[in-house]
Amino acid sequence: MNDRISRALAGIKNRTRSRTFWRGIFSLTVFTLLWELCTYLKAPIIGNVPAPSEVVSTLAVQLHNTYYWLSWKDSMIRIFTGFIIAQIIGVPLGLFLGANDRAREVLFPIFEIMRPVPPLAWVPVSVIFWPSAEMSMIFVTFLGAFFTVVLNIVEGITSIDVRYIRAAHSLGSSRSDIFWRVLLPASLPSVVVGMTVGMGITWAVVVAAEMVASKTGLGYLTWRGYVAGEFPLIVVGMMSIGIAGYFSSALIRLVGSRFTPWLKTR
Amino acid sequence: MMKTTLTPGQRAGEMSMENVCKTYGADVLTKEVLKDCSFTLEKGRLTVLVGPSGCGKSTLINVLAGYEKPTSGRVSLDGEPVTGPGPDRLVVFQETALFPWMTTFENVSYGPRVRKELSGRELADTTMQLLKMVGLEDFAGKYPSQLSGGMQRRAELVRAMINHPKVMLMDEPFRGLDAMTRSLMQEYYVRLFEEHRGTNLFVTSELEEGIFLADRLVILTNHPCRVKKIMDVDLPRPREFSVMGSPEYLDIKREALELLHEEAMKSFAAGAVNAADFLEAYSKMGEEQARPKAGKDDGEGQRVTRTGSAYENH
């Protein structure tokens, strides 16, 4: 265990030392300075954006504000509730549709029709449909992740190389062996991709839904900044959403790589 | 010449194909792939199939393995008709079909594990013993993506062998390997075969590889695929690469090349591209025979380069 920690630390050290890291730091610094300069000089369009210094001071205030952290909490709860329900229903459904040709032929057209409808277009309907705003928001986040996951799994299973299935048959696998030892693991990489993409969509959806239907959450925080004319708060909200999205996706990738150890073994 | 007198392995089976036809499509779009194919895979012997490109060798393998049903004719194993795939007839595929999500150990032990024939200690011992035989004992915990092409083929070979199949069906298993690895694999394979004496079918596009390995050589025709001739290869076993310089070997090669040449001429007349390649290679045969060679083509789907045996290209 100690060994693993020290290796991880060495990894971080290496990355810090590497040129790539410093180039990244360099570009971010230049970006921030240019931004500050533009707002200072009142450059057209960009001049109306709050300066980085203002944003930082607003952020410092927000970090001590319970309401700011409640916004994080509320958005996170919506995201993960919708996302997890989408997995609980979507993964088995995707596996079922992928492994069962007839079921796929019958049910897949429904997905084909529903898929092009952007999850955001569901917001008005779901606000009417569900008894509470909270439920309607969770519903649209659920939709955002659900279709991506189902479609990715179906795609993953139907594109499995027939040689694997033939080899498994030849070696004497039963139907359940084929499913559990071949179809399921072979489709896992697609499941992980579907989850990662789904998580991205989920954030896009929840932010929009919060602006329309909520009085809490990071999306609402950003919207309130606009309504109240507190422009630095808008930027703080945007950055918070970006960071939250990044870490949620990173979490999915981390969990995903645990389940697909054979993919990163070069 | 010494005859092969070794006794066949205990579990070796005899497989036969009688008047097998296979057509795809219907009505005007019918494509006849196999026509009246009859041959026997004799018990404990290594039969090699050679034939022009796209002549339906893979279809033949699929029919023998039970993945596809013949349109007419009969396929049987030890007298019993073949109705579907099973662990008594195992295929080693052209490209590796090792499961990428399992380690080498899990891949090799897959068959006995799902059939619940072996478990625990016994399964581990058997698997490790086989891995050792092909020099993979240190790679038991690695995933296929961490193995080289040659290692993957060896793992695949033992994944089939652990099941003691009655018949092993090898569908161009060494294709795509570089020349060095390929000749190493031929040595590994010929040793494994001579040790176990299972019934083996080996499909190849390389005539030289075919003769080197074979007890019997089945030469196929093109469009549709029929058996043109079955030749006995009475070269001494254990086989060494040096056999490829012997007059007996060269006689067999010459005869086989002439038969294949006839086929190529027909294909050429029918407008097949690869036939032109073959004819070019055939004309170089004279000089080839003057200097016996050890190296082999890498077989990576290339056009004819050096020998008449590489007339094939997928």
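User: Which elements are among those that cover the buried residues of α5(B)?
Analyst: This is a predicted model, in which local features need pLDDT of at least 70 and side-chain atom pairs count only at pLDDT 80 or more, while totals for chains, interfaces and linings use all residues. Residues are numbered from 1 along each chain as its sequence is written, and chains are lettered from A and ligands numbered from 1 in the order in which they are written. Helices (H or I, at least four residues) and strands (E, at least two) are DSSP runs numbered from the N terminus, and residues are in contact if their C-beta atoms, placed from the backbone, lie within 7 Å. In chain B, the cover of α5(B) includes β6 (89-92), α2 (104-108), α3 (110-114), α4 (120-133), β7 (167-171) and α6 (179-196).

User: How many of the 13 residues of α5(B) are buried?
Analyst: A residue is buried if 20 or more other C-beta atoms, placed from the backbone, lie within 10 Å of its own, exposed if 12 or fewer, and partly exposed in between. Among those that pass in α5(B) are B:Met151, B:Arg153, B:Leu157 and B:Met161. The helix is largely enclosed by the rest of the structure because its buried residues number eleven.

User: What distance does α5(B) reach from its first C-alpha to its last?
Analyst: Helix α5 of chain B runs over residues 149-161.

User: Which strand of chain B pairs with β1(B) over five bridges?
Analyst: Strands pair if DSSP finds at least two bridges between them. Strand β1(B), residues 15-24, belongs to an open sheet of four strands in the order β2-β1-β4-β5, with antiparallel pairing. The edge strands there are β2 (31-41) and β5 (80-81). B:Ser16 has B:Ser76 as its bridge partner, and the strand asked for, covering residues 72-77, is β4(B).

User: At what angle do α3(A) and α11(A) pack?
Analyst: Two packed helices are described by the angle between their axes and the distance between the axes. Axes are lines fitted to C-alpha atoms, for helices over the stretch in contact, and angles run from 0 to 180 degrees between N-to-C directions. For α3 (residues 52-63) and α11 (residues 231-259) of chain A, the axes are 9 Å apart and the angle is about 75°.

User: Is A:Ala213 buried or exposed?
Analyst: A:Ala213 sits in helix α9 of chain A. Its contacts, leaving aside neighbours within four places in sequence, are A:Val123, A:Val127, A:Ala133, A:Ser136 and A:Met137. With 21 other C-beta atoms within 10 Å, A:Ala213 is buried.

User: And how far apart in space are A:Tyr68 and A:Thr216, C-alpha to C-alpha?
Analyst: A:Tyr68 is in helix α4 (residues 66-99) of chain A and counts as partly exposed, with 19 C-beta neighbours inside 10 Å. A:Thr216 is 148 residues away from A:Tyr68 in sequence, but their separation in space is 9.4 Å.

Methods
Expected span 1.5 Å × (residues − 1). Contact = placed C-beta atoms within 7 Å.
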